[in-house]
Amino acid sequence: ARAAQSPLLARCKMGCGSSKGAQTITDDDGTLGLAGDDERAAQRSRAVSAARLAASQSTLKQAGPRKLSFLTVDPDRAHDKRIGDDLGIDSRVANAKRRLRRLRDCIDDVSALYASYSKDSAADKKGRLTLVLPELSEWVSEGAWIGAPAVGSAVGSDATRLVAIAQLVRAARAGMGEKAVAELHAARRRVAEGGIEVLLALENLVLSASVEREAAARAVRKATAARAACEEELEKARGASEARREAAVEKATAALYAAESDIFRAEDLRRKADEELQRLHGEATAEALRAAETARVEAEAKVCAGAEAVRAAYGGLAEGVARALAAQGASPAPAPRREEPSGEEPLGADGRGALEGRFAALLAQWAVARRRCDKAKARCEAFRRHGLEVAAAPRGEATRLGELASACEEERAAEELRALRLSDEERVAATAACDRAIGGLQRELGKLAARLSANCDMVSQHQKLFKKLAATEAKVKAAAKQADGGSKGDARREAALAALRERADAERAQLDASAGFIDRRAEELKAEADAGAARAVREPLAVCVR
């Protein structure tokens, strides 16, 4: 199809030019001489032309961006070095080729940028590129919430909004990876196949025709020298003895006629090469420039379509985030469940068991809350390290869009691309504001986790005291039973029983003091800021969501 669109490219790929049907072959010394067999000469000539084109044409088949490394040779430089500057090609061809190459490279950079942006988001299995805090939703809904119900509902709603925003971000990046990148790839193919390839084909044809003209010129000089030698031989033959004269003259005359025939064929080849060069420098050059301009216009139209796809993705993301922030109860969080303590408990034997059961429930509640805070804090840190910098835009977006805009000659395409850019100053300011909000949330989560950890340690120590008291009371009962069954007046047993009872009283007092302290700490958590300690999480979370 491309060959049908560009006859010039078709001629180059067929190894065409003045070499087709030419009666020249390559000698051992690298020069082109004359062939006796016309068909064999034509085949070898076409093979030489095809070999000259193979290296440059193979690099033009790539569908994606060029991948160069330190050890690879840039095909553009290799082609330009092979063509050189002394072929007399119109300077507009080199200028058009340079502009199209720059446009192609800029398109490659932008398409690779958005493709990587989309791919990284899709491959983010650990959830580090978007901020989601499911631990807060679970904390609210699983009965470990320590704050007021209203605050818990607000925290759950904000966590739900973060999930919705993360889904919008992934959808926007996927749209860039599908629609925008597809349009940019189409633009790249149009630039490479419809523009650059045509210009390179023209240069290859000019090079091939120039080489053949030089070969024909050498053949003319060679045949002219051969004719002069034949004329000398003819003069010598005419002066030879009568017995040898006739045969020598006949042989020299035949050689002279052959040399003149070779001169005629070589001059005909040179004339055809000159005509081909004239056609290439005139009509073919104009045709190639028109094809390159058409390819540029069509490619920049595709670039515009890609820019519109990126803008639509960003616009849909902004609108979706605005709706998520404005929603009040569109996706309400589950009502927080919290087991309230049953009030004052008697400290008798039965009442103490109920009190310890309540403390065990508090320990479970605080341990769960601490784990949720720690995990949410870790997620915030992971997002700050891996996702925050690319939350507003991919790295280097403004620079690459600016380069592509400067490479586009259509003002509409340049304006579309410049309108997409988020300046480095704006991106840095937005990233810093978000970083401060997330940092504030991290600090509050850390503080609350530290307090909960201290409370858990305190309850654990209380449980150890309870077990210790239970063991001491068991010893008191055993000692009292032995004292009742023994003989009266056993001073040693009486003293041991008194010591055990004294130790039990001390441990009981210590346990009661610990229980009172735990109750006060629990009340402090609930009463802080009139809504529980969770308000310290709710406020920075709301800022973070905004």
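Reader: Which helix does Ala 248 lie in?

Author: Ala 248 belongs to helix α8, residues 242-326. Helices here are DSSP runs of H or I with at least four residues, strands are runs of E with at least two, and both are numbered from the N terminus. The protein chain has 14 helices and two strands. The model is predicted, so local features need pLDDT of at least 70 and side-chain atom pairs count only at pLDDT 80 or more, while totals for chains, interfaces and linings use all residues. Residues are numbered from 1 along each chain as its sequence is written, and side-chain values use heavy atoms, with hydrogens and water left out.

Reader: Why is Ala 248 called partly exposed?

Author: Buried means under 20% relative accessible area, exposed means over 50%, and partly exposed is in between (1.4 Å probe, protein chains only). Ala 248 has a relative accessible area of 26%, so Ala 248 is partly exposed. Of the 546 residues of the protein chain, 42% count as buried.

Reader: What separates the C-alpha atoms of Ala 248 and Ala 237?

Author: The separation is 5.1 Å, for two residues that are eleven apart along the chain.

Reader: Why are α4 and α7 called roughly parallel?

Author: Angles under 35 degrees count as roughly parallel, over 145 as roughly antiparallel, 65 to 115 as roughly perpendicular and the rest as oblique. The angles run from 0 to 180 degrees between N-to-C directions, and axes are lines fitted to C-alpha atoms, for helices over the stretch in contact. Helix α4 (residues 75-83) packs on helix α7 (residues 149-238) at about 30 degrees, the axes being 10 Å apart. The pair is therefore roughly parallel.

Reader: Which residues of α4 and α7 meet?

Author: From α4 come His 79, Arg 82 and Ile 83, and from α7 come Leu 200, Glu 203, Asn 204 and Leu 207. Contact means heavy atoms within 4.5 Å. By class, this contact has three nonpolar, two polar and two charged residues. Ala, Val, Leu, Ile, Met, Phe, Trp, Tyr, Cys and Pro count as nonpolar, Asp, Glu, Lys and Arg as charged, and the others, Gly among them, as polar.
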